[in-house]
Amino acid sequence: MSFLLLATAVAVAAGAAGAFIARRSAASKEPAPPVPAAPPVAPPPAGLESLPVTLGDVVSIDTPAAREERWLEGVIVAREGKEIVGAVFVAPEGRDVQAVAAFAPPRKQIAWLSPADVAGLSLGGAELPSTLEIGGAPMRRRARLPVSLERAGRGAPAVDSQAIWAEYEAAGRAVTIILQLSGRTLAWSGLLCDPGEYERMGSGDAA
């Protein structure tokens, strides 16, 4: 190769390397892409502050076996018009999802609940029975109301916008809460707790 050709090749290579370095330098000066903003945290449903417990609370009761605590991470709020009828707060515990229900003022009781099997109940808007049996205990219907539903927090099951809220009771303060949806029925059963029988502790910051 002649000296002229060698010099030309070296010049071309040097020019290409310089252009590559210049592009890298320019790219390094470009501002980093903005970090996407976190989605805003939805405020809790209006009116929850009027209930004896609310979303994010840690609630405990003393049972014959031990002291039980539940962190209220999600909620289904039932309203008649704009007024809250009641709310079912869910407390996921591993595979189990326990619940605590609260009722419209001036009622200060809460219900300490677990999921109940009501597969035999009518669906699709048919009339709920005036009495039913849960866990071998006969229960009488205390209330039945058409309501609108609002879901918030974490862990609450998906629900329709409209449903029937029903409450059943039995001797010994046994209680069952039923939400009759268009294609299925959700139910929780347990015991009513009066003020002084449960403790509302600090928030677990569920939002």
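1. Leu149 is in contact (heavy atoms within 4.5 Å) with Ile76, Val77, Ala78, Val159, Asp160, Ser161, Ala163, Leu179 and Leu181, leaving aside residues up to four places away in sequence. The model is predicted: local features need pLDDT of at least 70 and side-chain atom pairs pLDDT 80 or more, while totals for chains, interfaces and linings use all residues. Residues are numbered from 1 along each chain as its sequence is written, and side-chain values use heavy atoms, without hydrogens and water.

2. Leu149 also belongs to the largest nonpolar core, which has 22 residues; with Leu113, Trp165, Ile177 and Trp188, Leu149 is among those that touch the most other members. Such a core is a set of buried Ala, Val, Leu, Ile, Met, Phe, Trp, Tyr and Cys residues joined through side-chain atoms within 4.5 Å. Buried means under 20% relative accessible area, exposed over 50% and partly exposed in between, with a 1.4 Å probe and protein chains only. At least two residues of this core come from each of β3 (74-80), β4 (83-93), β5, β6, β8 (137-153), β9 (162-170), β10 (174-180) and β11 (185-193). Apart from this core lies another, of 19 residues, including Leu55, Ile84, Val100 and Tyr198.

3. Strands are DSSP runs of E, at least two residues, and helices runs of H or I, at least four, numbered from the N terminus. In β3, 6 of the 7 residues are buried, so the strand is largely enclosed by the rest of the structure.

4. β3 pairs with β4 in the antiparallel sense over 7 bridges, where pairing requires that DSSP finds at least two bridges between two strands. Gly74 has Val90 of β4 as its bridge partner. The hairpin of β3 and β4 has 2 residues between the strands, and Gly81 takes a positive phi near 70° there. β3 is also joined to β8, antiparallel, by 6 bridges; Val75 has Ala152 of β8 as its bridge partner.

5. Gln109 sits in the loop between β5 (96-103) and β6 (110-115). Gln109 counts as buried because its relative accessibility is 17%. Its side chain makes polar contacts with the side chains of Arg107 (3.2 Å) and Asp194 (2.9 Å). A polar contact is a pair of N or O atoms within 3.5 Å; within protein, one must be able to donate a hydrogen and the other to accept it, and residues adjacent in sequence count only if both atoms are side-chain atoms.

6. Arg107 lies over the face of Phe103, 3.8 Å from the ring centre. The criterion is NZ of Lys or CZ of Arg within 6 Å of the ring centre and within 35 degrees of the ring normal.
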